[in-house]
Amino acid sequence: MFESISGFTGTGATVIPDLEILPQSLLFWRSLTHWLGGLGIVVIFIALLPEAGQSTVYMYNAESTGPTRERVLPRLHNMTQVLFRMYMAFTATAFVIFFLCGMDFLGALNHALSTVSAGDFSTYNASAAHFESPAVEAWMTFFMILTGGNYGLYYQAWQKGAHVLWRNTEFKAYLLIIAVAAALIGINLMDGFDVSAATALRYSSFQSASIATTGFVSADYDRWPSFSKGILLLLMISGGCAGSTAAGLKVSRVVIMVRYIWQAAKAKLHPRQVVALNMNGHRIGDDTVVRVAQFCFLYLMFIALWALLLTFDGIGAFDAIGISVSTMGCIGPAFGITGATCTYAELSVFSKSILCLSMLLGRLEIFTLLVMLRKSFWKSKSSW
């Protein structure tokens, strides 16, 4: 159950101590669960099958991630078909490149499925570190950053040109966050371990992109300085862009909340000034800001709740916080007992049960799952 939920939610947390003794069929199935859950089973269902009526709109809205529900095409079926084709194209491209970089057929296929879906199930215990290849790590970094972007935005860029990407506030903030995190971690590694700039950049860029999106491991970051681990923890929380296969809080929500806080500070200095909160050239309505604030509050409260329950089970405070943040952000590896070189196998049944809920809430963005706990949801005769 834990492994399946981890797979379909794109978390990649595993309870299997030794992957390399498993049959190839099971390794492939684990990666395939990532791929099916990455874009979204509902989106794939709508793309491949004929229209199922008005209910598909509600299904799509429940599956979509981010503070808004923008469509790049007016008809839902056409839009999901476009997203699915892009998903297939990214996967096929990643497979070919990984194969040319020296992976065997099954390894290239499994890692392509996992990388594009923002999961981190590998066929090796050491994850990406097994290959010890700068070329593999560089291409995985590229595809991890790619899959953390908005797929709808990529379609618009394909239709109108690359300038669409640089005009998108969230995408620019997403790249800036990863770049700044990689630079800070690289400087910290050079200072703490006396390594070359190229080596520090190699590990910091891979791990920054990975922790924000997938969760692959190229080095034992548990041995890194506390400052670097703190940055990785923040990347787990921010996650990728809205409309991507990555989970987390979403960069769009981070941008909205930062701008809203800045706006509130300005209002204290200039009470009569009317300041509009804009994003991508459009005004953000007060209702959207309220929804974002509600989500951010609930997200952080659930992180605190899961961490508290894990400490009740005897797990150390920092390890519990790391595990809670990692599973809510659908990342996989955390710190300490579930760090870069460890699995979740040693946790108790109670902790694993808690983390199953955490992964589901993180992937389904809380409200989709919480609404099912209300009596009115089950009594309602609406198309929902």
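Some bookkeeping comes first. The model is predicted, with local features needing pLDDT of at least 70 and side-chain atom pairs counting only at pLDDT 80 or more, while totals for chains, interfaces and linings use all residues. Residues are numbered from 1 along each chain as its sequence is written, and side-chain values use heavy atoms, with hydrogens and water left out.

The protein chain holds 18 helices and two strands (DSSP runs, H or I of at least four residues for helices and E of at least two for strands, numbered from the N terminus). Of its 384 residues, 52% are buried (under 20% relative accessible area; exposed is over 50% and partly exposed in between, with a 1.4 Å probe and protein chains only). Taking contacts (heavy atoms within 4.5 Å) between residues at least 6 apart in sequence, 67% join residues at least 24 apart.

Now for the cores. In soluble globular proteins, nonpolar side chains tend to be buried together. Here the largest nonpolar core has 79 residues (a core being a set of buried Ala, Val, Leu, Ile, Met, Phe, Trp, Tyr and Cys residues joined through side-chain atoms within 4.5 Å). Helix H5, residues 76–100, supplies the most to this core, with ten residues. A second, separate core has 14 residues, including Phe2, Ile315, Cys356 and Met359. Back in the largest core, the residues with the most contacts inside it are Phe98, Met140, Tyr221, Leu232, Tyr299 and Met328. Leaving aside residues up to four places away in sequence, Phe98 touches Met103, Ala108, His111, Ala112, Thr115, Trp139, Met140 and Phe143. Phe142 sits in helix H7, residues 134–147, and counts as partly exposed because its relative accessibility is 44%.

Two helix pairs are worth a look. H10 (residues 169–193) and H13 (residues 251–269) pack at about 95 degrees, with their axes 9 Å apart (axes are lines fitted to C-alpha atoms, for helices over the stretch in contact, and angles run from 0 to 180 degrees between N-to-C directions). H10 is therefore roughly perpendicular to H13 (65 to 115 degrees; under 35 is roughly parallel, over 145 roughly antiparallel, and the rest oblique). Thr169, Glu170, Ala173, Tyr174 and Ile177 in H10 meet Val251, Ser252, Val255 and Arg259 in H13. By class, that contact has five nonpolar, two polar and two charged residues (Ala, Val, Leu, Ile, Met, Phe, Trp, Tyr, Cys and Pro are nonpolar, Asp, Glu, Lys and Arg charged, and the others, Gly among them, polar).

H15 (residues 317–328) and H16 (residues 349–364) pack at about 40 degrees, with axes 7 Å apart, so the pair is oblique. On the H15 side are Ile323, Ser324, Thr327 and Met328, which meet Leu355, Ser358, Met359, Leu361 and Gly362 in H16. This contact has five nonpolar, four polar and no charged residues.

Thr341, in the loop between H15 and H16, is exposed because its relative accessible area is 62%. Thr341 and Asp220 are 121 residues apart in sequence, yet 6.5 Å apart C-alpha to C-alpha. Glu365, in the loop between H16 and H17 (367–370), is buried, since its relative accessible area is 7%. The Glu365 side chain makes a polar contact with that of Arg253 at 2.9 Å (N or O atoms within 3.5 Å; within protein, one must be able to donate a hydrogen and the other to accept it, and residues adjacent in sequence count only if both atoms are side-chain atoms).
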